[in-house]
Amino acid sequence: RGVPQERRQNVAEFLSSTLVQYCPNKADRKSQWSLIRGQLLQDLRLSEEVVEKLHKADQRFCGSADLVLARLRGTLFYDKSACKALDDLSTFLKCLRVWSVEEHIAIDVLMPPSDYYYTDLFFQIYSKEGSPASSSHEKLLAVGGRYDMLMENAWDNTHKTKPPGAVGVSIALEKFLPNNPSSDVGLPRIENSISVLVCSKGGGGLLNERMELVAELWEANIKAQFVPQEDPSLQEQYEYASDHDIKCLVFITEAGLSQTDLVKVRHLDARKEKDVEKEEIVKFLSEAISLQFKNPTIWS
């Protein structure tokens, strides 16, 4: 607030190339402010008052997601569009808590979109170099975000359906590779393997429970996916399985989780299904996948 309209693009690009390449509340970022202040005042001709507002925004509204979200709600309670954006962020963080990664998420109000077509939630991904106990340096690895508006503008209006949601990401592959391009990178070969789709039936979609089960399967090195919707219909889940060539489906229900502690495993090609105790699902799938689901005894 306070940045003249005609200078906002230049200020956003400047902050993106200097300040926002560092994670919020980190020493590297804080040490940049004396240099950034001078350039904002002299090169971009912002007033002392506006520069001070930007500095305070960096101190107060950039950092731990839960803390910053609470501060933003208290500050922007009167703005309906801002509250809607904060609700989306809150929902996003709620999902990440299921995978216990929310502590690694920061909100940065000074981060501009990396491309013009990102009109909704956008993000940056960093990796830490050095041991967790030491002072580690962050390396920017990827940027991305939602570009639903671009899809809507390009969508053929003769279609009766709405355009699909869209998320894009750009990955800096050179940062994953060694400095010597002639050296043996030693990247693991990706083998074809069976993937599992975790589905829900009723219960309002059971999003958290689907995410928890997917994480459990990932932990056991089982490829698993779920339809990224809060409450997908059975048809939508079967269509997702067909689109992604997934033959093994695991169904969870509210009654199964709360009463019988059973999940249903269904294989579309084998046309077989079996109720399995939830605590045994990893063992069952591991054995079934190793046998390519072809041994009839696994269904007995």
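Colleague: Which strands form the open sheet, and in what order?

Modeller: 5 strands form it, in the order β7-β6-β8-β9-β10, with mixed pairing. The edge strands are β7 (223-225) and β10, each pairing on one side only. Neighbouring strands are turned by 25° against each other on average, direction ignored. Strands pair here if DSSP finds at least two bridges between them. Strands (E, at least two residues) and helices (H or I, at least four) are DSSP runs, numbered from the N terminus.

Colleague: And what kind of model is this?

Modeller: A predicted one: local features need pLDDT of at least 70, side-chain atom pairs count only at pLDDT 80 or more, and totals for chains, interfaces and linings use all residues. Residues are numbered from 1 along each chain as its sequence is written, and side-chain values use heavy atoms, with hydrogens and water left out.

Colleague: Which helices pack on that sheet?

Modeller: Helix α8 (residues 207-219) lies across β6 (195-201), β7 and β8, running at about 160° to β6. Helix α9 (residues 234-243) touches β6, β7, β8 and β9, and its direction makes about 175° with that of β6. Contact means heavy atoms within 4.5 Å. Axes are lines fitted to C-alpha atoms, for helices over the stretch in contact, and angles run from 0 to 180 degrees between N-to-C directions.

Colleague: Zoom in on β9. Which of its side chains are buried?

Modeller: In β9 (residues 262-267), Val263, Val265 and His267 point to one face and are buried. Buried means under 20% relative accessible area, exposed over 50%, partly exposed in between (1.4 Å probe, protein chains only).

Colleague: How many bridges join β9 to β8 and to β10?

Modeller: β8 (residues 248-253) and β9 pair in the antiparallel sense over 4 bridges. Cys248 stands opposite His267, and Val250 has Val265 as its bridge partner. On the β10 side (residues 272-277), 6 bridges join the strands, again antiparallel. There, Lys264 stands opposite Asp275.

Colleague: What about the hairpin of β9 and β10?

Modeller: It has 4 residues between the strands, and Arg271 takes a positive phi near 55°. Most residues other than glycine have a negative phi.

Colleague: Where is Asp261, and is it buried or partly exposed?

Modeller: Asp261 sits in the loop between α10 (254-260) and β9. Its phi is near 60°, also positive. At 34% relative accessibility, Asp261 counts as partly exposed.

Colleague: New topic. At what angle do α5 and α6 pack?

Modeller: About 160°, with axes 11 Å apart, for α5 (residues 65-75) and α6 (residues 80-98). They are therefore roughly antiparallel. That label needs an angle over 145 degrees; under 35 is roughly parallel, 65 to 115 roughly perpendicular and the rest oblique. Among the α5 residues that meet α6 are Leu69 and Leu72, while the α6 side includes Leu86, Leu89 and Leu93.

Colleague: How far apart are the axes of α1 and α3?

Modeller: 12 Å, and α1 (residues 8-18) packs on α3 (residues 33-42) at about 160°. This pair is therefore roughly antiparallel. Val11, Phe14, Leu15 and Thr18 in α1 meet Ile36, Gln39 and Leu40 in α3.

Colleague: Last one. What does the UniProt annotation cover?

Modeller: In the unreviewed UniProt entry, "domain: Histidyl tRNA synthetase-related" covers residues 195-290. UniProt positions follow the numbering used here, feature names are shortened, and annotations may be inferred rather than shown by experiment. Over residues 195-290 the chain is 42% helix and 29% strand, and the end C-alpha atoms are 12 Å apart.
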